Structure formats: C-alpha cells, structure tokens
Amino acid sequence: MKNSKKTKKGLIVGFFFAALFAGLFSSCEKAVAAKEDPESMKVYGESEAEMTAPPFVPRPVGKRAATKLIVNMEVIEKEMEMSDGVTYVYWTFDGTVPGSFIRTRVGDEIEFHFKNHPDSKLPHNIDLHAVTGPGGGAESSFVAPGHESVFTFKTMNPGLYVYHCATAPVGMHIANGMYGLILVEPEGGLPPVDKEYYVMQGDFYTEGENGERGLQAFSMEKAVNEDADYVVFNGKVGGLTGDNALTAKVGETVRLYVGNGGPNLVSSFHVIGEIFDKVYVEGGAMINENVQTTLIPAGGAAIVEFKVEVPGNLVLVDHSIFRAFNKGALGILKVEGEENPKVFGGKIEEKVYNPGTSVSGVTEEATEGGLSAEMSMAEKMERGKQVYTQNCLACHQATGAGIPNAFPPLASSDYLNKDVHRAIEVVKFGLTGEIQVNGNVYNSAMPKQNISDEDVAAVLTYVYNNWGNNKSEVTQEMVKKVK
Ligand SMILES: [Cu+2]
C-alpha cells in the first residue's frame, strides 16, 4: 500500500521534471532553428551535382549538410521527334526536353557553369525560379554559342522550381523546349518513397497542323494565339507511353515531380485511376491531401504522391481532355503485381438491362411479330432523317462524313454500298473489330442500335439515298430476314 503510494508520487515528480526538460529542450531547439536561416547557413565541402534526363531524378539529398554544389549544364539545339513522322528543332538544356533535373538543398551554394554548344545558332541564358536575385540569373548566365558563363547563388527557399531560358523572344525560347525543374530539398530532406519520377508538360506550335509530317517550323502566330498543335509530357507525343512508360509495383509509394513549362497553357494534372494522397501545392510547403486533379500553372510545378494499390495502367493526363486524347498530353504509369480485389473488384457481372420503356419514344412492338405497313419512299426518307439525327449523327456526323480514326464515313462508303445485308446487320447487332472503309482502317465498336425493324429500314434507306451512296431502298422485310 505504502509502497505504491510512494511510486505514484515518484511518478508524478518524474513527469514534472520530464515536462520541464522537454520544455527547455524544445525551446533550445527552436533557438537553434531560428539561427539557421539559409543566408548564414555554413557550407561544408564541395561536390558536383548529379544531373539526370527525364523521367529520372538524382538521388535524394536527404540529411547531408549544405555544401558548395557545382552544376554543369549545356545548351544544345537539335532536331528530335515530336510525333510519329513529325520532327522539330528543339532548343534544350542538356539535350532533352525538359532539361536535366537539378537536385539541391536549402542553404547550398550553387556554382553554375552554363555552356552554349559551339554549333548553336543563338545565345541563351537561364532563369531559375529557385534563385533570389535579378532575373533568376538570366543576365549573369547569358552566353553566346561556344562560350561558358559561371555564376553563383544560394538556395534560400525549399521547394520545386521551374527553370527556363529568358532570352528574347522569351516565349519562343520556352516554346522550343527550354525549361526544366530544380528541386531544393528542405533541411533533413523529403520523406523517403519507393519511386520518384520527373514529368513536365509543354505546349508546341507548328506551321503544319497536328500530325502533318516532316520537319515542322515554329509558328509565332499560333503561339501568340495560344492555339497549340501539341500539348505533351516530356517533350513529345508518346514521351511517357510505350517503352517510355513509367513503372511501379503494387504496394509502392510514388512521387512525381510535375512541372509545366508552358509557354501558354495551364495544366489540370490528373492520374486516371489514382487519387493523390498528398500534393505539395504549387511545389511549396503546403500539403493538400486526397486530391483528384491539381492545377499546375505555366512556369510552375507540383509534387504529387500516391501509393499504388492495384495493378494496371494508370494514365497521366492534362484533364483539359482534348489535349490528352488529341494533342498528346497523355502518359502511362504501368503498375505490376498481384490483383487486390479488396481495393478494386473489377467487373463481376454484365446483364441485360431493359426497363421496358423507351426514352426516345421508339415503338417496341415492331421489332417482334408481324410487319407494319411498308412506308412509301418519301415517308422513309423523312422518318429516316429523324432516326438518323437521333441515333447516328453523334458518331457519323450530320453529313455522314464520320470522324477520322474514330467513326467511319457513311458518305460514299464502299463498305456500305457493297452489301446491304451486312449494313442491316451492323445497325441491328452492332459491329466490333477491324474493318476498312474507303481504304482507311477502323478498329472500334459500334453499339447495337435498339430501334425497330421499320426504323432500321428507314434510316438505311435515308443513308443509301444521300451523300453519294448507291440509292438502295431497304424494306422492313429485308431487315426482318437478317438474324
Ligand atoms: Cu534560349
């Protein structure tokens, strides 16, 4: 009894002292931290910065002390691929778009050796958003072809920063690919993750339209109008797909350093099939959690982190979605590993859904049973136009021209004109797999059209008697026979 009381008292006293010590200690620590402002932070030793081409990043800085860091970078102007069969003369930092990733820490003294290859046609410079000083180093780094300039700065603020060329005309130098990222780690580094990658979006303006083959020149007019032909990750269409896809394994944590070089467009960065567990908003110290899409300004960046729980292809996009599917802003992160049905069950069933009523008001009874009275040609044409507008126009377009690479034309379609019964089949039962229409290959899916036999006859008659087709008339009976 007595003993236990004593122990209790001892404990309380112990707590009191512990609390006192903790208080003292933490205030000490605060005093030390306050002294460590980056400006007066001492540097220890000297080393050369590891530089990496995208999508890779140098090893973490972590706990190393501030140091004198030598950065070597070279401007190279060269022709590279923009898209299949399309090339462009890029102006680059170290030969890639975006340029090499620079990794440093707060308090480092950077000695920047900036070189311009003798084969370059123009002078260039570098404006690093991580620099506190005039032009972010632009004037101090300005260098003619075949020269090197050296300048120094101290990294004052941790964060992820864009660098870019700032030689006049600035917009043109950026539009030609002159941008990249520099990461300034905070004291002690960033929390460790399993995979880190470097992704940077950019918009490109070419004399020819998107996909026009050959060497494409820069279009100042389109750039001024912000009318981009290509919006891409890592410098080209396919910069992060196929062999260039990023990879990770189920269970790993992934950190993406995402920049936007612009020159014009703001990116609505999104990964289809993931949620960002963490976003370092705008590349700064503020962390947001559970984010679907993060805005990355032109000349800005963000760090996003997520754990990959299930296998499959995650799709990196600018969610201004035509840029992704029509201009190139699409990348793949391939996740391999065991299925994880607890997190994602996948499709477990598919069955017929028939509520028994039709929203479009199409009569159901004509599909089964006897024939209703055959319409006259004029009636078919009128009815057919209505059915077409309601059911087909969205894909095949008002003029029957279709959409290249997606929906085949019905106008002057050799496929359509060759075989009426096949055409009826397509409309009644849908169509998937590869077909050729007027010499172009389509490999897509047309859904089964749930319309009455009478309407199939009308719409096909309408299609056959328009847009240069062979003027066949389709009857209910013909439709009924196709099973
Ligand atoms: Cu430049």
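**Reading strands, contacts and burial in a predicted model**

Reader: In which strand is Val-150 found?

Author: Helices (H or I, at least four residues) and strands (E, at least two) are DSSP runs, numbered from the N terminus. Val-150 is found in strand β8, which covers residues 147-154. Residues are numbered from 1 along each chain as its sequence is written, and this is a predicted model, in which local features need pLDDT of at least 70 and side-chain atom pairs count only at pLDDT 80 or more, while totals for chains, interfaces and linings use all residues. Side-chain values rest on heavy atoms, with hydrogens and water left out.

Reader: Is Val-150 buried, exposed or partly exposed, and which residues is Val-150 in contact with?

Author: Burial is read from relative accessible area: under 20% is buried, over 50% is exposed, and partly exposed lies in between, with a 1.4 Å probe and protein chains only. Val-150 counts as partly exposed because its relative accessibility is 44%. Contact means heavy atoms within 4.5 Å, and, leaving aside neighbours within four places in sequence, Val-150 is in contact with Glu-111, Phe-112 and His-113. The C-alpha atoms of Val-150 and Gly-400 are separated by 62 Å, the two residues being 250 residues apart along the chain.

Reader: What pLDDT does the protein average, and over which residues is the pLDDT below 50?

Author: pLDDT is the predictor's confidence in each residue, on a scale from 0 to 100. The protein averages a pLDDT of 90, and 90% of the residues score at least 70. Over residues 1-34 the pLDDT is below 50, and this stretch has zero contacts in the model beyond near neighbours in sequence. Residues 363-368 also have a pLDDT below 50, but that stretch has nine contacts beyond near neighbours in sequence.

Reader: Which domains does the domain assignment give?

Author: Domain bounds come from an automatic or database domain assignment. For this protein the assignment gives domain 1 (39-188), domain 2 (196-336) and domain 3 (377-481). The C-alpha centres of domain 2 and domain 3 lie 38 Å apart.

Reader: Which strands form the open sheet, and in what order?

Author: Two strands pair if DSSP finds at least two bridges between them. Here five strands form an open sheet in the order β2-β5-β10-β9-β7, and the pairing is mixed. Its edge strands are β2 (51-52) and β7 (127-128), each of which pairs on one side only. Within the sheet, β5 (residues 101-105) runs parallel to β10 and is joined to it by four bridges, with Arg-103 having Leu-183 as its bridge partner in β10. Strand β9 (residues 159-164) runs antiparallel to β10 and is joined to it by six bridges, and Gly-159 stands opposite Val-184 in β10. Two bridges join β7 to β9 in the antiparallel sense, and Leu-128 stands opposite Tyr-163 in β9.

Reader: How many residues of β10 are buried, and which way do they point?

Author: In β10 (residues 179-185), seven of its seven residues are buried, and the strand is mostly covered. Tyr-179, Leu-181, Leu-183 and Glu-185 point one way, while Gly-180, Ile-182 and Val-184 point the other way, and all are buried.

Reader: What does the UniProt record say of His-173, and where is its place in the model?

Author: UniProt positions are given in the numbering used here, feature names are shortened, and annotations may be inferred rather than shown by experiment. An unreviewed UniProt entry carries the annotation "binding site" at His-173, whose place in the model is helix α3 (residues 170-175). His-173 is buried because its relative accessible area is 1%. Its contacts, leaving aside neighbours within four places in sequence, are Trp-91, Pro-123, His-124, Cys-165, Thr-167, Ala-168 and Met-178. A polar contact is a pair of N or O atoms within 3.5 Å; within protein, one must be able to donate a hydrogen and the other to accept it, and residues adjacent in sequence count only if both atoms are side-chain atoms. The side chains of His-173 and His-124 make such a polar contact, at 3.1 Å.

Reader: Why is β11 largely enclosed by the rest of the structure, and which strands does β11 pair with?

Author: Nine of the 10 residues of β11 are buried, so this strand is largely enclosed by the rest of the structure. β11 runs parallel to β15 (residues 253-262), with eight bridges joining the two, and Met-200 stands opposite Gly-259 in β15. With β13 (residues 230-233), β11 pairs in the antiparallel sense over four bridges, and the bridge partner of Asp-203 in β13 is Val-231.
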